[in-house]
Amino acid sequence: MRHKGTLSGRLTDGLNVVLLGLLALLMLLPFYYIFVVSFVDAKEFSSSELILWPKNWVSDAYDYILSSKEFIRSMGVTIYVTALGTLVNLVLTATMAYAITRNIWGQRFYVFLVLFTFIFSAGMIPTYLIVKETGLIDSYWSLILPSAINPFNLIVMRQFFMGIPDELSEAAVIDGANDLQIFAKIILPLSKPAIAAFGLFYAVLNWNTYFGAILYLNDPTKWTVQVVLRQLVILNDQDTLASAARDAALAGELPPSETIGMAAILLATLPILAVYPFLQKHFAKGVMLGSVKG
Amino acid sequence: MKKMLTVGLLASMAVSMAACASNNNNNTASPSASGASPSASASASASQPSSSAVPSDASKKISISAIEGTWLSPVPADTGGGLKKINEKFNVEYKPQFVPYEEYSSKLPVVMAAGDLPDVIGIEAVDSNFVKWAKQGAFLPLNDYIDKYPTLKAVPKNVWDAVTVEGKIYAIPQYFPSKYGKKPIIRKDWLDNLGLAMPTTYEELEKVAIAFTKDDPDKNGKDDTYGFALSKQIVYGASMGAAWDIGWYNKNAEGQLIPGIISDGYKEQTQFLANLYKAGALHKDWAVSKSTDVGKDFFAGKYGIWYEQAYSMGGDQFKTLKELSPTAEVVVIPPFKQADGQQGFTAGQGYYIVTALNAKMKGDEDKINRILQMQDYFRTYIPFDQRGPQNPDYDWQNGGENVAYKMVDGLPVAIPEGADERPGRYHKVAQWAETDEATEPYKTYADPTARAFAQASVDLLKNTKFYVDPVYRIHSEVLAQKGSELEQIAKEWQTKMIVGQEPIASWDKMVEEYMKKGGKELIDEVNKLLADAGIQGEWK
């Protein structure tokens, strides 16, 4: 592949770096645009076509969002739901995935149950009814429990566990370990990359919790950041209908429009983005899980 | 370097994942030209002394739950002082639940199906769901209560028809003017700059639009203007009167009313737009542009003709326009004279949002009347000049002067921090105005340009005739099921015709497909329902 020293080799390398670099920059462009627009003042935004570098940087949009208690509160809710939810996801997924690698009674039946939800899922209304009958309406658990185990993640994690040589567990058994000890002391430490990868998958899913919040949480103070974010973005993107429906009769000064949406997007994405670099090495490995084995 | 690239790519992937996932919902918001909403509600209040609105049997505390959609952001929290004031005034325990309108059309059916329905239900428009639920008996018939409450009595027959299913009135329509919805507007200053007269026919309009494109109407020496603004789905079109509109006005050879979208009037409009496209007077990207973006461009001085409404439009866009082009003057284009001698626009439906009551309350007269008293109180119209601390109801509904609003140059201005102190925020209905003119839309804007536009629109439109589209007054199942799909078929053809991919001569092929895919059935059913109910289209 790499021909160090030869001219053509170096040329190819250089070309690759440039092309891939440009490609990467292209991916970043929308985010850059969001970033720039969030700092532009409203007047400049409405008068120019495309803004690549604002004439003056203003933080009006951020001041507005950060001064609204809804955004901060919903951010707190999302962080809470993400932390708790991901923990629940990982504990349940890992334990169940391990259990169905063992040759226990009814193992096939349980795998079937999981696979069944993979293919068929109940509609919105039956799910709502279950959430309601279990008393989860208006509880954060309604965002966590209905999607506690993702069947795809469960199956892939099972494959990963099956890739760990049986001899290790057998050796542990000889040393007197029971199933739980094997799981906690042998399997889990060996599965750190898988745990990290799935943790990340789950975390992103939880972070994006949106529709569940709308459906199951009647109290707007419990809504997640995505709901609030969408309101900020959509309201500014509405036709006159929406602007009219705001308290227009009490003609209050409305803060700049698009820029708020952009700033909100950035603020809501930042935390999850910040987690990525730390998990990145596991993530890259995790994506490959089960791609060869199984 | 390689590592950096990987990190970069992964990072952007992460952002996309986090950012995109919140975007996977169908956007159900934004009705078209006719739609808009009550703004007056925030300033809702009664002109009579408040004591008369307090229920007579007020001794009994009643618990009332409600669900409604909202455009407010943030959504009102149920801890606000405004809610407490409602509870005290009406001796109720009012529990409103607010859902953003983008999600409301998903949430309401779920709540319905789960049997969780609150006492009071707000619905954005009378759609097939409303009719279905009404037929299934989910809502309380209100016929016997109407005459008891002045603001309900004031609703005209054609608007009651919209919420009447099988002879029973199932909801209270909330006010929206039928006249002051979106109308075609033109840059008067551009006409003057080029020495052109206000167009009165499509030929003249075409000339004006082309001149606006080519003759530098804003005199800035740059070729940077378009004559006519249009956005995807042919919103808002170019109908200069009822005969060219999508409403049910024109008749076919058998004398049946037909939907405007397949009428000869609409064909003329399509031809007009196709001519403009060919001449470069439409933006090349109109077919993929969002109406909000096109609207913004109009108010940035890039277009000569677009649509706007005098009532409750916000008004900020005019401020922007004035800043960017100080000489700008925007007026409504008067309707063109039709072949049948009529001249006028199609009226809006005359309401926006309907409020239904849960059928389970049947028999609980105290509760029903308490709810209707609250409705009546908040629906009572307060003339514009009384909107201030001098009117106790206005003051109360808006949370008190210097708490939730302050007076600036004679206009009430919101104090954002006090928003939750406003009772009107928790019981958000529009005040029912006696006539559309009574809303005095021009008085509500602080910005002089917006004011001048609204004033000029009212002056023109108050003497303009309006066509009341009869189709809103009946409930056709075929229309509910196939209406939007059929419209989509026609619009696809028409979009192709405008951009020149299909000749206008294909119009008959379009009508044929429309008829075959259910249009025939639709027209037959609508005409039968109209004949049975004895309803006709009428000019007002």
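Colleague: In what order do the three strands of the open sheet with E11 stand in chain B?

Modeller: This is a predicted model, where local features need pLDDT of at least 70, side-chain atom pairs count only at pLDDT 80 or more, and totals for chains, interfaces and linings use all residues; side-chain values use heavy atoms, without hydrogens and water. Residues are numbered from 1 along each chain as its sequence is written, with chains lettered from A and ligands numbered from 1 in written order. Strands (E, at least two residues) and helices (H or I, at least four) are DSSP runs numbered from the N terminus, and two strands pair if DSSP finds at least two bridges between them. The pairing here is mixed, and the order in chain B is E11-E15-E16.

Colleague: Which strands of chain B stand at the edges of that sheet?

Modeller: Each edge strand has a single partner strand, so one side of each is left without a neighbour in the sheet. They are E11 (344–346) and E16 (538–539) of chain B.

Colleague: What is the bridge partner of B:Phe345 in E15(B)?

Modeller: E11(B) and E15(B), residues 465–468, pair in the parallel sense over three bridges. In E15(B), the partner of B:Phe345 is B:Phe466.

Colleague: Which strands stand at the edges of the open sheet of five strands in chain B?

Modeller: That sheet has mixed pairing and the order E2-E1-E3-E12-E6 in chain B. Each edge strand has a single partner, so one side of each lacks a neighbour in the sheet. The edges are E2 (92–100) and E6 (172–175) of chain B.

Colleague: Which residue in E12(B) stands opposite B:Ile123?

Modeller: Strand E3 (residues 120–123) and strand E12 (residues 351–357) of chain B run antiparallel, joined by four bridges. Opposite B:Ile123 stands B:Val354.

Colleague: How much of chain B is buried?

Modeller: Buried means under 20% relative accessible area, exposed over 50%, and partly exposed in between, with a 1.4 Å probe and protein chains only. Chain B has 17 helices and 16 strands. Of its 540 residues, the buried share is 58%.

Colleague: Is A:Leu115 buried or partly exposed?

Modeller: A:Leu115 lies in helix H5 of chain A. Helix H5 (residues 107–119) of chain A gives the largest share of a nonpolar patch, eight residues. With a relative accessible area of 33%, A:Leu115 is partly exposed.
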